[in-house]
Amino acid sequence: MAYLNVEGAIKRYGATTALNGVSFSVAKGEFFTLLGPSGCGKTTLLRSIAGFSQLSEGRVALDGADLLAVPPHKRDIGMVFQDYAIFPHLTVAENVAFGLKARKVATSVIRDRVAEALATVRLSALSERLPAALSGGQQQRIGIARAMVVKPRLLLMDEPLSNLDAKLRLDLRDEIRDIQRTIGIAAIYVTHDQEEALAISDRICVMDGGSIEQIGTPQQIYGQPATRFVASFVGTMNLLSPEAFGLPAVPGVAQWALRPERLRLAEAGATEHGASGFSGLVEHFTYLGREAHLTVKAQGHRLVAQIAAPPPDLAIEAGREIRLSFDRADLHAFDAAGRRVRT
Ligand code: ATP
């Protein structure tokens with residue numbers, strides 16, 4: 001059931017086309033992520049939905065009603081920004097109350113709603129502090145509480161975690177997901193961090209150059225990338241020439257691809273049923289405890305292999321010849337245009 005509908009969105013800035021005919025829909029309660037490299041059009045798309053930017057062509061509808069003629073403050077959409085955008089001279093509680101005051105909500109209702117929002121983001125104890133006395137993660141929680149407190153129909157988040165350090169990013173990422181589920185709001189989240197997108201989303205929309213490459217669940221995006229771009233942008237992918245490692249020639253296949261974690265260390269000379277194997281020279285070996293990484297040169301390719309749960313004494317010196325194997329079922333195939341081919 002579509003709740004938000006974007007159809008044929010095009011945005012031009014002079015000679016630059018930031019959005020090149022983008023269409024998708026988001027269901028009620030869904031966590032939908034726009035993922036792509038810098039400049040792919042994520043922010044432009046988000047700002048067009050919020051109403052801060054006007055599309056050159058196309059349509060945006062929320063709950064069946066066209067949005068484009070509605071000014072931003074009447075769209076009933078909450079927004080969380082990368083740089084928090086909170087008022088430094090207002091206390092935490094006053095920052096959160098701001099949108100309700102502007103809507104002339106009764107004081108007693110404001111008090112209750114602010115208390116509820118602060119409890120949700122675990123800031124109740126800090127309600128009378130000024131933002132300068134808070135950490136980055138706490139400041140971003142104000143941003144989230146302020147967006148939620150007006151009970152918007154849609155929540156938009158533009159890289160809300162990118163100014164936080166790694167540990168805080170993980171904590172707040174899980175918190176954002178929990179809050180979104182609890183209040184059941186449809187959310188659109190912008191990030192260029194593929195791991196964050198996989199972790200937080202119901203569905204991910206991968207964009208490149210103003211166009212959609214693929215929309216799917218994290219499992220579909222990672223497990224069945226629709227294009228070579230998605231395959232390489234989300235996670236690491238070894239790209240192999242069509243004739244590499246004795247693979248059979250299949251019409252239409254211009255490139256094979258294989259995830260590093262699908263490569264295994266094989267016994268020298270061993271042949272496994274249904275598997276392909278090859279020998280290569282180790283360039284780098286990195287032991288990381290729960291996994292080990294190998295860079296191997298073989299038949300003109302440089303491959304990355306990721307060995308899960310390596311034996312505690314595993315050590316492979318550079319320059320050594322080793323044998324790796326993989327199942328053919330784990331190969332992805334792409335045509336000359338970079339689109340997924342079924343084999
Ligand atoms: P980032 O992750 O770096 O924020 P993004 O995916 O959000 O990138 P956008 O900011 O939407 O990308 O930009 C898309 C394209 O449109 C880029 O090529 C950008 O240079 C261009 N662009 C964005 N805003 C403007 C503007 N106001 N004037 C001209 N060109 C713009």
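**A walk from the ligand shell to the cores**

Start at the ligand: β2 (16–27) and α1 (42–50) each give at least two residues to the shell around it. Helices here are DSSP runs of H or I with at least four residues, strands are runs of E with at least two, and both are numbered from the N terminus. Before going on, note that this is a predicted model, where local features need pLDDT of at least 70, side-chain atom pairs count only at pLDDT 80 or more, and totals for chains, interfaces and linings use all residues. Residue numbers run from 1 along each chain as its sequence is written.

Now select the shell: Tyr-13, Thr-16, Ala-18, Gly-36, Ser-38, Gly-39, Cys-40, Gly-41, Lys-42, Thr-43, Thr-44 and His-192 (C-beta, placed from the backbone, within 6 Å of the ligand). Three of these residues come from α1, the largest share.

Next, pick Gly-36, in the loop between β3 and α1. Why does Gly-36 count as buried? Because it has 27 C-beta neighbours inside 10 Å; the cut-offs are 20 or more for buried, 12 or fewer for exposed, and partly exposed in between, with C-beta atoms placed from the backbone. Leaving aside neighbours within four places in sequence, Gly-36 contacts Lys-42, His-192, Val-206, Met-207 and Asp-208 (a contact is two C-beta atoms, placed from the backbone, within 7 Å). Draw a C-alpha to C-alpha distance from Gly-36 to Val-190 and you get 8.6 Å, across 154 residues of sequence.

Val-206 turns up again in the core. Of the 67 residues in the largest nonpolar core, Val-96, Ala-145, Leu-156, Ala-187, Ile-188 and Val-206 touch the most other members (a core is a set of buried Ala, Val, Leu, Ile, Met, Phe, Trp, Tyr and Cys joined through C-beta atoms within 7 Å). Helix α4 gives this core its largest share, six residues. Apart from it sits another core, of 16 residues, including Leu-240, Phe-285, Leu-324 and Phe-326.

Last stop, helix α5: select 166–183. Its buried residues are Leu-172, Arg-173, Ile-176, Ile-179 and Gln-180. Just after α5, check Gly-184, with a positive phi of about 65 degrees.

Conventions:
Expected span 1.5 Å × (residues − 1).
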